[in-house]
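Student: I have a new model open on my screen. Can you show me how to read its strands and charges?

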Amino acid sequence: MMHLDWPQVICLTTVTTLILGGSLMAEPPATPSTFVATATPLYVNTPAGLKRLASVRITGPAAKTDGRLRLTLGDQTDEHRIVGNPSGDQALQATFPPVDKPYIARVEFISQAGTLAATMPVAPAKQWTIYVAPTVHTDIGYTHHQSEIPAIHNANTDLAVKLCRAYPGFRFRLECSWSAQMYERDRGPTRMAELMDLARRRRIGVEANYVNMLTGLCSAEELVRWLYPTASLVRRFGIPFETATQDDTPSYVWSVPTVLRSAGIRYLTVGVNNNQTRAPILRGGLDKRSPFWWQGPDGAKVLTWYAGRYVQAGELGLVDSLEAAEKKLLAWLTEWDRREDYPYDAILMHGAYGDNRPIGEGLAQTVTAWNAKYAFPKIVMTGFGEFFSHIETRFADKIPTIRGCGGAYWEDGAASSARQTAINRRNHHRIVTAETLHAAASLLDAKHAYPRDRITKTWENILLYDEHTWGARRWSRSPEHEEVKKQWATKAAFATDAERDTASLLDQGLSLLADRIAGKNEGILVVNPISWTRTDAICLRLPHGAHLTFGKDVTAPMQVLSTGPREDDVCVLVKDIPSLGYRRYDLATGGAPAASSSIPDAAPTCLENRFYRVTLDKRSGAIAAILDKQTHAEIVDATSPYKLGEVIYAAGGAGTTAIEWNKRLPPARFNLSRPNGATWRLVSKGDLLTKAVSSTKTKMLPEIALEVTLYEHVKRIDLAVHLDKTLTYDMEAVYIAFPLAAKRPEFCLDVGGAWVRPDKDMLPGGCLDWFSVQDCVTLATGETSVNLATVDTPLISLCDINIGKWLQKLDVTNGTVLAYAMNNYWPTNYKPGQGGKFTFRYSIASDKAMSKTQALHHGHDAARPLIAARVPPPSKPSLPSTGSLCGVSAPNVILTAMKQAEDGNGLILRFNEVAGTPTRCDVALDALPAPKSASRCDAIERDLSPASVQQGKLSFDVKPFGIETFRLRF
């Protein structure tokens with residue numbers, strides 16, 4: 001299709017002719033008239049049929065006169081009578097027939113003053129349909145205290161219900177199902193039933209997402225649970241469940257399309273914050289390439305629309321008046337009509353109202369008036385699904401496919417509250433274990449009431465902490481304001497309340513399981529919360545002189561770390577704890593004495609075991625070198641300016657590109673402070689582990705301690721960085737360096753259900769300055785593979801401190817990983833300062849070559865250690881002293897959830913294949929009753945098809961990187 005640039009016009013001046021004394025004289029008027037005509041993409045229905053509109057502007061004396069406006073296109077002429085305007089300014093519309101090829105039309109205004117004429121290029125214009133999906137952006141906080149936000153959205157929902165009654169064409173969307181949840185809580189069952197009836201009839205939509213998430217903070221299972229609150233409404237009320245929406249936040253991790261499709265969701269809409277200075281993802285043109293199939297690592301696709309705004313109907317005048325919409329919408333639509341790269345005849349207008357704003361009747365009135373006046377573009381108030389269905393049905397062969405990860409642009413703000421972020425990362429894992437234990441207890445004892453409401457509330461708090469709203473919008477300007485403090489206290493409580501409730505649920509679950517496991521005396525119950533067999537060293541406190549036995553002749557190897565008058569701190573080696581299983585050890589006294597730690601060197605320079613030789617650095621209090629004694633590879637990059645585990649304090653950045661992507665700002669510059677002078681102390685050395693701790697300091701960090709632990713029976717190095725930080729509101733960041741040696745560095749990041757190669761697997765415009773890691777980052781070096789588990793800090797920067805560079809390409813030139821532990825760079829609602837004591841844990845493992853399965857096992861081992869609890873003799877022993885609650889045959893298939901079904905009917909198991917290999921997997925519940933039947937489900941537990949259960953064992957196939965969910969019935 002050929003398009004001509006508009007407007008191309010000829011402006012003519014009226015000439016008046018006078019005859020004086022037989023001679024011809026031309027007298028120019030005092031004020032010339034101008035005449036401009038432009039073809040528009042607007043259509044109207046007329047008695048003569050469908051016509052297009054031209055916009056005509058007349059100024060000057062001619063505009064004051066009556067006349068005729070004539071538009072000639074080919075052999076067709078449309079003419080309109082015009083009444084003069086005394087002001088001398090006429091904004092008119094003329095009609096002409098639709099065209100299927102370019103033309104040059106002639107436009108004339110004929111009056112007693114003479115004739116004005118212009119030529120008007122006319123190109124074909126689509127007969128557009130604009131799908132308006134109105135929403136109010138949901139910030140849980142920010143504009144008001146969190147407790148005030150439900151009332152705002154409830155009032156909006158009330159009005160939306162009324163407008164549905166008053167206007168047959170009115171539609172509305174709840175951007176998050178949290179709004180529906182609050183409506184039911186505050187308005188009661190009758191009003192909720194009315195709302196859900198409108199939802200069933202697609203008058204009011206409820207999006208599949210609970211809230212707007214920072215997906216880079218989420219575990220794979222948390223991304224699934226993000227959909228569960230809406231799924232509850234689907235089960236109870238039968239409302240549609242087909243679209244998810246993420247607004248404001250600009251970028252999302254690669255597992256999102258996999259998770260959405262596993263739940264049966266086909267469509268995703270994204271309305272990004274129009275302020276691209278903190279997240280310039282639109283540099284990659286995702287909005288210009290929309291709609292597109294976003295393909296996940298498992299091959300699953302969601303049809304995705306990226307909008308450059310999340311309040312478009314409001315910005316384009318539709319919430320104001322017909323006049324405002326005509327003025328703004330015409331320019332917007334003209335840009336779409338010019339696009340030769342957009343083959344579709346429909347556009348999605350995403351959202352209508354900004355952050356927690358009240359809605360009004362204006363949108364319904366304007367759309368009604370528009371459709372009464374214009375035939376095209378038709379404005380259809382609708383849900384997102386109707387737009388996508390239109391595109392998919394009519395233009396399936398035109399839709400491109402895009403693969404990759406968007407990265408974690410806004411997730412960097414979570415490092416402004418590093419303590420609570422670390423707590424919530426632990427919550428992700430511990431709540432899954434608590435669910436598992438209570439689900440097992442329910443199968444073992446029908447009288448046990450599965451604590452569904454408590455578990456649901458805990459998951460909601462976890463989600464609400466990882467939701468994108470951090471605090472009050474005035475935070476950076478007034479960090480000590482009372483409202484600021486109140487909002488942060490509520491936000492922080494989402495993490496700490498979940499921590500408290502998870503601990504309580506976990507303790508109860510351990511007690512219930514322990515009461516079923518055979519044993520005569522007081523003992524220690526060791527639980528493996530993940531789905532592969534593990535051998536590991538656990539630390540616990542035992543009565544002075546006690547040790548652990550299993551069976552008649554097996555004494556668990558033990559090392560005393562410190563002694564007390566009544567109890568000792570000990571390390572115990574526990575071997576081959578079954579997949580998602582347990583072992584009960586008896587607590588014994590006497591017999592073989594425990595091995596105590598010996599400390600021959602009070603100021604060590606090197607730590608060594610059969611796996612590694614670790615050279616300690618006295619300047620930085622970090623690690624100078626690590627030799628893998630099995631592969632003979634050096635793990636630390638000796639050429640790096642940093643040492644491994646070194647803490648770096650970065651001051652400065654205000655007024656530079658560290659704060660925002662703005663070419664007018666100077667490049668980011670930081671003053672780096674590093675420790676200079678440390679002491680090392682050997683804390684423990686024995687048959688099971690060796691541990692040393694350094695002590696040092698630097699600017700704003702008066703206490704820094706690096707704790708290094710090597711194990712005699714497990715090939716890994718555990719690190720814990722302990723900081724005491726001084727509070728400041730000046731711009732700052734804290735990094736922890738891991739300079740890994742690499743000749744040909746290749747990174748792979750675990751982003752919660754997906755692996756991402758940061759230099760190869762990113763969406764156009766995705767974030768490259770930093771990345772969010774769920775469990776680990778793997779580096780293949782050419783000689784060996786190293787895996788770094790980032791237990792407490794989600795953010796990393798690769799190769800260098802890249803903050804403020806706003807990279808469009810990541811050049812992987814070295815193997816340095818910088819844990820981006822803290823910052824306060826955000827100028828809006830993230831925390832402007834933090835102080836006090838912090839602990840950040842990491843773990844390093846290496847091998848000649850490390851598979852994705854090995855890497856993820858190490859990452860999960862570090863984040864989900866074996867659980868040990870002292871337990872009394874059981875009252876209802878029915879289980880053997882060791883067993884597996886769920887044994888998984890394939891090491892690359894990870895069990896991510898084991899829980900009671902939401903409807904109470906059966907046991908739900910969810911799996912994720914992590915190596916990229918199609919796999920046949922068998923699952924056995926050895927310590928639990930045998931299932932009688934099974935069904936394959938989608939991720940929100942809707943049965944899809946029968947599954948194979950033979951002799952109590954579930955068998956299934958899983959595609960590479962796929963998610964599979966099953967319901968077992970007993």
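Tutor: We will take sheets, then salt bridges, then a surface patch. Keep in mind that this is a predicted model.

Student: How do strands hold together in a sheet?

Tutor: Strands of a sheet pair through backbone hydrogen bonds, and the pairing is either parallel or antiparallel. Here, β3 (34-46) and β4 (49-59) are antiparallel, with 10 bridges between them. Val-44 faces Lys-51 of β4 across the pair.

Student: How many residues make up the hairpin that joins β3 to β4?

Tutor: Two residues.

Student: What is the strand order in the open sheet of nine strands?

Tutor: Read it as β34-β35-β36-β37-β46-β43-β42-β39-β40, with antiparallel pairing. β34 (679-685) and β40 (755-756) are the edge strands, each pairing on one side only. Within this sheet, β42 (776-780) and β43 (785-790) share five bridges. Ala-780 has Ser-785 in β43 as its bridge partner.

Student: Now the charges. What should I look for?

Tutor: Side chains of opposite charge can pair when their charged atoms come close. The structure holds 65 salt bridges. One of them joins Arg-68 to Glu-79, at 3.4 Å from N to O. Arg-68 is in β5 (67-73) and Glu-79 in β6 (76-82), 11 residues apart. Both belong to a salt-bridge network that also includes Arg-70, Arg-106 and Glu-108.

Student: Which parts does the pair of Glu-902 and Arg-235 tie together?

Tutor: Their side chains form a salt bridge at 4.0 Å, N to O. Glu-902 is in the loop between β50 (893-900) and β51 (907-913), and Arg-235 is in helix α4 (228-237), so the pair ties together parts 667 residues apart in sequence.

Student: Is Asp-938 buried or exposed?

Tutor: Asp-938 counts as buried because its relative accessibility is 6%, and the cut-off for buried is under 20%. Its salt-bridge partner is Arg-942, at 2.7 Å, N to O. Arg-942 is partly exposed at 31%.

Student: Where do positive charges gather on the surface?

Tutor: Look at Arg-357, Arg-473, Arg-474 and Arg-477, which form a positive patch. Arg-473 lies in the loop between α11 (452-466) and α12 (482-514). At 43% relative accessibility, Arg-473 is partly exposed.

How values were computed. Residues are numbered from 1 along each chain as its sequence is written. This is a predicted model: local features need pLDDT of at least 70, side-chain atom pairs count only at pLDDT 80 or more; totals for chains, interfaces and linings use all residues. Side-chain values use heavy atoms; hydrogens and water are left out. Patches are made of residues with over 30% relative accessible area and no salt bridge: like charges are joined within 9 Å, nonpolar side chains (Val, Leu, Ile, Met, Phe, Trp, Tyr) within 5 Å. Accessible areas come from the Shrake-Rupley method with a 1.4 Å probe; for residues, only the protein chains shown count as cover. Lys and Arg count as positive and Asp and Glu as negative; His and the chain ends are not counted. The place of a charge is taken as NZ of Lys, CZ of Arg, CG of Asp or CD of Glu. Helices (H or I, at least four residues) and strands (E, at least two) are DSSP runs, numbered from the N terminus. Buried means under 20% relative accessible area, exposed over 50%, partly exposed in between (1.4 Å probe, protein chains only). Two strands pair if DSSP finds at least two bridges between them.
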